[in-house]
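Please have the display in view while I talk.

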Amino acid sequence: MLTTDYKDGSPNWVDLGTPHLDGAAGFYTALFGWDYRPGGEEAGGYAMFQLGGRTVAGAMAVAPGEVRSAWTVYFRSPDADATAAAVVMAGGTVAVGPRDVMGLGRMAIFADPAGVTFSIWQPGRIEGLDAVTEAGTLCWTELYTGDVRAAAAFYGAVFGWEIVEMPFEGGSYTAVKAAGTPDGAVFGGIVPIGSDPVEDAERPYWTPYFEVADCDVTAAAAEESGGKVRLSPVFMEGVGRFAKLADPYGARFAVIASAPAPGA
């Protein structure tokens, strides 16, 4: 599970890029109860979503027609330049090279060998999101890809991720965790894209999961607000009830009402 005790290689930020920032802000504030904090000129218009005064996601406007609306997952890097070099060595590409962000940290944007976009955040004054795992916050990350082994090898080379195979009825789930952490510290999974029974399945992608109190209510609210239910709520024993959604502008994400931890 995710915690704010961020380890190298673990997710520590997520943000939305959309040509319709105001409309998207209205959608997510209604859906998750977030507060929207527009960014000033000094931040290039980069905005924040907050919950109870704590930052839970970022958002920025992108050029219409040039970039698809999408959520991007960031992973903690101790050295952005070294990570960029590792990405290239492992067969990925650098879309935006490492750069300082107002002394708050350093970031970069990459694509893995399958073309999936992801980013890194090297902490400065900001370590990462202020809250994760609780209702209304990021709780899980999932990569849909055509080659699970190749993806695991790439991200393992870049971040040192370790694999945990989690059995379930009919197969196993490839979960990932930061190097040297216990199995219970898994924060995401790598899934064959052919198992994604929703449209656009041929396009690999990272998707963030947000914790919610009631998956069915959230999915219905998303649809009523102009979003799309890409996968209707599904229950999985020991995991919880989850659904795959898209906002009104096409950005894909998922929500989950997680099963209680054993003994909770």
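Predicted model: local features only at pLDDT ≥ 70, side-chain atom pairs only at ≥ 80, totals over all residues.

Let me begin with Cys-215, which counts as buried at 2% relative accessibility, where buried means under 20% relative accessible area, exposed means over 50%, and partly exposed is in between, with a 1.4 Å probe and protein chains only. Residues are numbered from 1 along each chain as its sequence is written, and side-chain values use heavy atoms, with hydrogens and water left out.

How many disulfides does a search of the whole structure find? The search finds zero, taking a disulfide as a pair of cysteine sulfur atoms within 2.5 Å. Cys-139 is in no disulfide, and the nearest cysteine sulfur, which belongs to Cys-215, is 11 Å away. Cys-139, too, counts as buried, at 8% relative accessibility.

Turning to the core, I use the term nonpolar core for a set of buried Ala, Val, Leu, Ile, Met, Phe, Trp, Tyr and Cys residues joined through side-chain atoms within 4.5 Å. The largest such core has 63 residues, of which Tyr-28, Trp-34, Trp-71 and Phe-253 touch the most other members. A second, separate core has 15 residues, including Ala-175, Tyr-209, Leu-231 and Ile-256.

Phe-253 deserves a moment, since, leaving out residues up to four places away in sequence, the residues that Phe-253 touches include Tyr-28, Leu-31, Trp-71 and Phe-210, a contact being heavy atoms within 4.5 Å. Leu-31 lies in helix H1, residues 21-32, where helices (H or I, at least four residues) and strands (E, at least two) are DSSP runs numbered from the N terminus. Leu-31 counts as buried at 13% relative accessibility, and with the same exclusion of residues up to four places away its contacts are Thr-218, Ala-221, Ala-222 and Phe-253. Leu-31 and Ala-220 are 189 residues apart in sequence, yet 9.9 Å apart in space, C-alpha to C-alpha.

Now to the aromatic rings. Rings of Phe, Tyr and Trp (its six-membered ring) pair if their centres lie within 6.5 Å, with planes under 30 degrees apart counted as stacked, over 60 as edge-to-face and the rest as tilted. By that rule the count comes to 32 aromatic pairs. One of them, Phe-75 with Trp-161, is edge-to-face, at 5.3 Å centre to centre and 70° between the planes. Because Phe-75 lies in strand E5 (residues 70-76) and Trp-161 in the loop between helix H3 (148-159) and strand E10 (162-168), this pair ties together parts that are 86 residues apart in sequence. The rings of Phe-159 and Trp-161 have their centres 5.6 Å apart and their planes at 20°, so that pair is stacked. Phe-75 and Trp-161 are both buried, and Phe-159 is buried as well.
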